[in-house]
Amino acid sequence: MSKIAVLGYGVVGSGTVELFYKNKERIEGKAGKKLNIKYILDIRDFPFSPYADKFVKDINVIINDDEVEIVAEVMGGLHPAYEFVRSCLEKGKSVVTSNKELVAAKGYELLTVAKENNCNFYFEASVGGGIPIIRPLHQCLAANEISEIAGILNGTTNFILTKMIEDQMSFEDALAMAQSLGYAEKDPTADVEGHDACRKICILASLAFGRHVYPDKVHTEGISSVTLEDVEYAENWGGVVKLIGSAKKLSDGKILPMVRPAFIEKSSQLSAIDDVFNGIMVKGDAIDKVLFYGRGAGKMPTASAVVADIIDAAKANGTSSSQTWEDGRDVDFIEDFKQDETSMYVRINCTNRDKALEEINESFGDVKYLARKNQDKNELAFVTPSMKECEIDKRLSDLCEKGIKVIGKIRVFDF
Ligand code: HSE
């Protein structure tokens, strides 16, 4: 019999407990042994819960109970989750987590502690909710050299953009709707400013490329400045605007990770991933491209991944089998995103349209002009040819000096 402790009884924690007891027999069959939840840690009281006798408020009860072999950390946030998880691993207890902030910030360290203590640190639920992506990357695609991963990694922003694209809702109205439906938090910063997607691409990049990619090294832009005009121009161009987290390996071995809103052509499979769904594409030398698609958040989809990790931790039987990667803090292996080649959608204001057209053509050569309904005569929008981003910046800043004002800019992403 393996005893389990669940840290946190919020949405994912309660889903984990519910799913565990709903499918207990099946789960034990898969694990090959009896399992039970001995403790649930939460600072709140749940006197009417069917699991009321399992609640504790002191983490030391769990840390010091040798019967507890597996801990599911589903509290979220960095502190005190990090201290709790580290202490459990140091005691030889395997930990499974849905906490992307924790894995993105401390993954290398916690994987090392797990290895040193002959236990496991699993985090399938930290990226893509119920979509299997961590284990496929680590196991099923292990024979490939992965060259690029790109995806829609945040359900809340994808819902907002979908509402802007399909119902012409403003960003503010779509965000309010996402909040009223419980997708977005009261403070939506982590989602709309791209931090959540950044943590997820850090985890995927670390796993795919073998070195910890820290969030503060990743250029991250959210969707709060995307307008309905941008969405209309994207439609006219033949695509949609999506928040893309991506990481690619360059020929010199460096990694280029980035999170930003991007124009995606309608022919790309990523363009069809709508609402709260996530989609992650992985490119490998043997597999070519593979797409993982599904519910990237929510109580039961995320619980599905947490409980699967519990089963694997139970099956590991005191051996260490979790993936590892090298540290990346002191190594300069992240490429400057300004060196990346990209096309750019640019929206400008000018006072003399004919002169502005002349200047833009002279500066960028072959641009594709875009149109939208009710376009002001002093507004122009175009997509540049592909070139290094620092070169685009330089040309735009020269245009600025000639009285052309850039009012919007979104990279084109092709995968
Ligand atoms: N806030 C996240 C999202 C939850 O919207 O995708 C899942 O990580």
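Analyst: Two strands pair if DSSP finds at least two bridges between them, and the helices (H or I, at least four residues) and strands (E, at least two) named below are DSSP runs numbered from the N terminus. The model is predicted, so that local features need pLDDT of at least 70 and side-chain atom pairs count only at pLDDT 80 or more, while totals for chains, interfaces and linings use all residues. Residues are numbered from 1 along each chain as its sequence is written, and side-chain values use heavy atoms, with hydrogens and water left out.

User: How many bridges join strand E14 to E18?

Analyst: Strands of a sheet pair through backbone hydrogen bonds, either parallel or antiparallel. Strand E14 covers residues 344-349 and runs antiparallel to E18, where Val406 is the bridge partner of Ile348. The number of bridges joining E14 to E18 is 6.

User: Which residue in E18 is the bridge partner of Ile264?

Analyst: Strand E10 (residues 255-265) and strand E18 (residues 405-413) pair in the parallel sense over 3 bridges. In E18, the partner that faces Ile264 across a bridge is Phe413.

User: How much of the area that the ligand exposes when taken alone does the protein bury?

Analyst: A polar contact is a pair of N or O atoms within 3.5 Å, and an oxygen atom of the ligand is 2.6 Å from an N or O atom in the side chain of Thr156. An oxygen atom of the ligand also lies 2.8 Å from a polar side-chain atom of Lys200. By the Shrake-Rupley method with a 1.4 Å probe, the ligand alone exposes 260 Å², and the share of this that the protein buries is 82%.

User: How many residues of the shell around the ligand are charged?

Analyst: Residues count as near when one of their heavy atoms lies within 4 Å, and those surrounding the ligand include Lys100, Asp191, Asp196 and Lys200. Asp, Glu, Lys and Arg count as charged. The shell holds 1 nonpolar and 4 polar residues, and the number of charged ones is 4.

User: Which residues does the cis peptide bond join?

Analyst: Most residues other than glycine have a negative phi, and most peptide bonds are trans. Pro80 is found in the loop between strand E4 (68-73) and helix H4 (81-90). The cis bond, with omega about 10 degrees, joins His79 and Pro80.

User: Where is Asp288, whose phi is positive?

Analyst: Phi of Asp288 is near 65 degrees, a positive value in a residue other than glycine. Its place, within residues 288-295, is strand E12.

Definitions and conventions:
A polar contact is a pair of N or O atoms within 3.5 Å; within protein, one must be able to donate a hydrogen and the other to accept it, and residues adjacent in sequence count only if both atoms are side-chain atoms.
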